[in-house]
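Biologist: I am new to this structure. Could you please take me through it?
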Amino acid sequence: MAGRAPIPNKSSALISMIADEDTVTGFLLAGVGNVDLRRKTNYLIVDSKTTVKAIEDAFKEFTTKEDIAIVLISQYVANMIRFLVDSYNKPVPAILEIPSKDHPYDPTHDSVLSRVKYLFSAESVASGRR
C-alpha cells in the first residue's frame, strides 16, 4: 500500500501556479508542487518561449480540476490572458495575482481588487453613503 497515491478528497486541495521560474521554484521549495499519476504537474513555468496558448491552456486546466483550490498567477502573466482572468467568476478555485521579481505588482490591473472596489461602491451607493 505504500506505493499507492492518496485519493484526493474535500479536505485535501492543491495550489497551482502559473509564474516565472524563480517564483515557481520558491513555492516548490515550500512544498506546493504535485505530480499526478499521469505525470501532470500543478504548475507552469512561464519564460520567453512560453506561448500565450500554453498559458491559456494551463489556466483552463487548473480552473477546471476538482482538486485545485487556489491558482496563483503572476500579474504580468495574468495580463497576457486578462480576458480569461477577468471572465472567470467561480469562487473555487480562487485566482490570486501575485508579483514577480522582475515585474512589480500593479493593483489597478488586479481583477479581484477591481471586483471588490465595484462591490463596495455599489454598497455605498445603495446605502446612501459616499
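Modeller: In this predicted model, strand 1 and helix 1 (21–29) each supply at least two residues of the lining of the largest cavity. Helices (H or I, at least four residues) and strands (E, at least two) are DSSP runs, numbered from the N terminus. Because the model is predicted, local features need pLDDT of at least 70 and side-chain atom pairs count only at pLDDT 80 or more, while totals for chains, interfaces and linings use all residues. Residues are numbered from 1 along each chain as its sequence is written, and side-chain values use heavy atoms, without hydrogens and water.

Biologist: Which residues line the largest cavity?

Modeller: The lining consists of Ile-15, Ser-16, Met-17, Val-24, Phe-27, Leu-28, Val-32, Gly-33, Asn-42 and Tyr-43. By class, 7 are nonpolar, 3 are polar and none is charged.

Biologist: How much space lies in the largest cavity?

Modeller: About 30 Å³. A cavity is a set of points on a 1 Å grid over the protein atoms alone where a 1.4 Å probe fits but cannot get out, and lining residues have an atom within 4 Å of a point.

Biologist: Now the strands. Is strand 3 mostly covered or exposed?

Modeller: Strand 3 (residues 68–74) is mostly covered, with 5 of its 7 residues buried, meaning under 20% relative accessible area with a 1.4 Å probe, protein chains only.

Biologist: Which strands run parallel to strand 3?

Modeller: Strand 1 (residues 14–19) pairs with strand 3 in the parallel sense over 5 bridges, and 5 bridges also join strand 3 to the parallel strand 4 (residues 94–98). Two strands pair if DSSP finds at least two bridges between them.

Biologist: What stands opposite Ile-73?

Modeller: Ile-18 stands opposite Ile-73 of strand 3, and in strand 4 the bridge partner of Ile-73 is Glu-97.

Definitions and conventions. Buried means under 20% relative accessible area, exposed over 50%, partly exposed in between (1.4 Å probe, protein chains only). On a 1 Å grid over the protein atoms alone, a cavity is a set of points where a 1.4 Å probe fits but cannot get out, and a pocket is an open set with protein on both sides within 12 Å along at least five of seven lines; lining residues have an atom within 4 Å of a point. Grid points are joined across faces, edges and corners, and a volume is the space filled by probe spheres set on the points. Ala, Val, Leu, Ile, Met, Phe, Trp, Tyr, Cys and Pro count as nonpolar, Asp, Glu, Lys and Arg as charged, and the others, Gly among them, as polar.
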